[in-house]
Structures are given as structure tokens and as C-alpha cells.
Amino acid sequence: GGDSVTPGTPSLTGLHVKYLTRATAEYRDGIRPHAAMKTMVEYLDDPAIEKLSFYYALREPASRKQKTPGDPEKGRKLSESCSSCHGKNGISGDPLVPSLAAQDFRYLVQATIGYRDNKRKHQGMFGAVEKFTNQQITDLSAFYAMQQAEKPNGVYVPEEPRLLIENKCVLCHGPRGFSNEFDKPRLAGQSEAYLISAMQQYANGSRSHTAMQAMADVLSLIEIEGIAAYYARQKE
């Protein structure tokens with residue numbers, strides 16, 4: 001179910017689908033070096049990774065009782081400098097920043113020491129913890145390990161393409177994608193691969209258009225592919 005029972009292995013529940021998708025893809029592509037993880041996920045394409053991420057992100061995290069050698073109260077004070085990114089009590093409000101609440105204690109210690117010693121490469125994390133002692137990292141990890149994890153906000157079961165098209169796309173692009181407005185492109189009959197690429201570019205901001213960025217940012221790859229397939233099949 002994604003709630004780790006192996007010390008040193010992170011739980012996957014409580015993490016946003018966008019974070020899980022990006023992290024898993026980075027393991028697959030070797031950006032995050034981890035031989036076992038690469039072997040586990042190297043056969044997955046992007047849609048499969050997203051489906052796997054939805055499975056964990058939509059689960060209710062289990063309550064966990066962890067015994068730690070750290071001092072959670074000292075860790076609470078240390079966590080104040082972490083809350084701007086990881087949220088109060090380790091509940092992140094940023095889909096691409098992991099929540100730390102109820103995460104495995106040993107994993108938190110190992111990961112944080114890795115960032116401090118610059119063995120795990122992340123400039124922001126290195127700057128945040130480079131002066132922490134081992135005991136401070138132990139206390140900080142104890143604090144987060146004792147918090148209650150929550151399902152991430154804004155994660156929902158992907159909608160049917162038909163509903164998304166009727167409720168959003170038709171308003172600008174017309175029925176079945178046959179736009180009658182000079183400044184709105186026709187989507188009917190366009191290349192499916194092109195439509196997927198364009199919507200992903202709007203979602204990640206590499207293609208600029210305020211309305212389209214707002215529309216695409218909330219779409220999963222599953223939804224984007226469904227919309228693209230629908231419009232690609234439309235003919236006169």
C-alpha cells in the first residue's frame with residue numbers, strides 16, 4: 001500500500017502525484033542514481049509511471065508509531081527553517097516538494113545526511129542543512145517521523161476526456177475542435193503527438209499562454225492523452 005515497513009525505505013503515501021511522477025521518471029532515466037530503483041521502473045513509460053503515482057497519491061496514509069532516538073521537541077524548532085518549502089509539520093503545499101510528515105525515520109536521517117555531505121545533489125537542500133550536526137538531523141527526523149501524514153491536496157481520479165472537453169475545451173475551440181474564431185486554432189484532425197506535446201509545454205510553462213497554461217496545469221498526462229486522441233480522430 002505504499003506505507004513503508006522497512007527501516008530506511010521511504011513511504012510513498014502522502015506524496016503528491018506530480019512529485020511521485022517526476023521522481024520515478026528520474027530513477028528510470030538515471031537522473032537519480034539508484035541501481036535497484038532503476039531496475040524496478042526502467043520498463044515503465046510516462047503514462048504507466050503516472051498511473052502508478054496516482055495509485056499511491058490517492059491512498060490514505062496509515063497511522064504510524066515510530067520509536068526514534070531523537071528529541072522531537074528540539075526537532076520541532078529546527079523544522080521552522082524547513083517549513084517554507086516542506087510546509088508546517090511536514091505537510092507540503094507544493095506538488096513538487098515532498099511532504100515529510102510520518103516519513104520513515106531512518107530514511108529521513110540517511111537522506112538529510114546525504115544532502116548535508118553533498119552526496120545527494122540538491123543545492124537548496126545542501127544550503128539548508130550543511131551546518132546541521134548528526135544529532136540535529138536525528139532530532140529533526142524524529143520530529144517529522146512522529147507527525148501524521150495526510151493525503152495531498154488537489155489529487156483526484158482523472159476525469160473522462162469527454163467531460164473535460166465539454167466543460168473546458170469547447171468554450172474556445174468549438175464543438176469537436178472545429179474552431180470558428182480567428183485567434184483559436186482548430187484542433188480537429190491535428191496530430192495526436194503534436195497535441196500532447198503542445199499541452200505538456202503549456203503545463204510546464206515552456207509555451208506561454210495564460211489561459212492555456214491555467215487549463216493544462218491541472219491536467220494529468222492520462223487526461224492530456226485522452227483529449228489529444230479525441231481531437232486527432234475528428235474529421236469533416
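This predicted model has one cavity of 30 Å³ or more. The volume of that largest cavity comes to about 110 Å³. Its lining involves 16 residues, and the ones closest to the centre are Thr13, Gly14, Ala101, Ala102 and Ala149. Sorted by class, the cavity lining has seven nonpolar, six polar and three charged residues. As for the general idea, rolling a probe the size of a water molecule over the atoms shows where empty space is left.

Now to the open spaces. The second largest pocket has a volume of about 790 Å³. Its lining takes in 27 residues, with Lys18, Thr21, Glu50, Leu219 and Leu221 lying nearest the centre. Which helix gives the largest share of this lining? That would be α1, with six residues. Helices that each put at least two residues into the pocket lining are α1 (17–28), α3 (46–57), α10 (192–204), α11 (210–217) and α12 (221–233). The split by class is 14 nonpolar, seven polar and six charged residues.

On to the aromatic rings. There are three aromatic pairs in the structure. One of them joins Tyr230 and Tyr231: the ring centres sit 5.2 Å apart with 70° between the planes, and the pair is edge-to-face. The edge-to-face label applies because the angle between the planes is over 60 degrees. Is Tyr231 buried or exposed? Tyr231 is buried, because its relative accessibility of 1% is under the 20% cut-off. Tyr230, at 24%, is partly exposed, since that value falls between the 20% and 50% limits.

Ser92 has a relative accessible area of 16%, so it counts as buried, the limit being 20%. Which residues does Ser92 touch, leaving aside those up to four places away in sequence? They are Cys85, His86, Gly87, Val97, Pro98 and Ser99.

One more loop residue is Asp29, found between α1 and α2 (35–41). How far apart are Asp29 and Glu42 in sequence and in space? The sequence separation is 13 residues, while the C-alpha to C-alpha distance is 7.4 Å.

| Residue | Relative accessible area | Class |
|---|---|---|
| Asp29 | 45% | partly exposed |
| Asn89 | 28% | partly exposed |
| Arg176 | 36% | partly exposed |

Terms used: Residues are numbered from 1 along each chain as its sequence is written. This is a predicted model: local features need pLDDT of at least 70, side-chain atom pairs count only at pLDDT 80 or more; totals for chains, interfaces and linings use all residues. Side-chain values use heavy atoms; hydrogens and water are left out. Buried means under 20% relative accessible area, exposed over 50%, partly exposed in between (1.4 Å probe, protein chains only). Contact means heavy atoms within 4.5 Å. On a 1 Å grid over the protein atoms alone, a cavity is a set of points where a 1.4 Å probe fits but cannot get out, and a pocket is an open set with protein on both sides within 12 Å along at least five of seven lines; lining residues have an atom within 4 Å of a point. Grid points are joined across faces, edges and corners, and a volume is the space filled by probe spheres set on the points. Helices (H or I, at least four residues) and strands (E, at least two) are DSSP runs, numbered from the N terminus. Ala, Val, Leu, Ile, Met, Phe, Trp, Tyr, Cys and Pro count as nonpolar, Asp, Glu, Lys and Arg as charged, and the others, Gly among them, as polar. Rings of Phe, Tyr and Trp (its six-membered ring) pair if their centres lie within 6.5 Å; planes under 30 degrees apart count as stacked, over 60 as edge-to-face and the rest as tilted.
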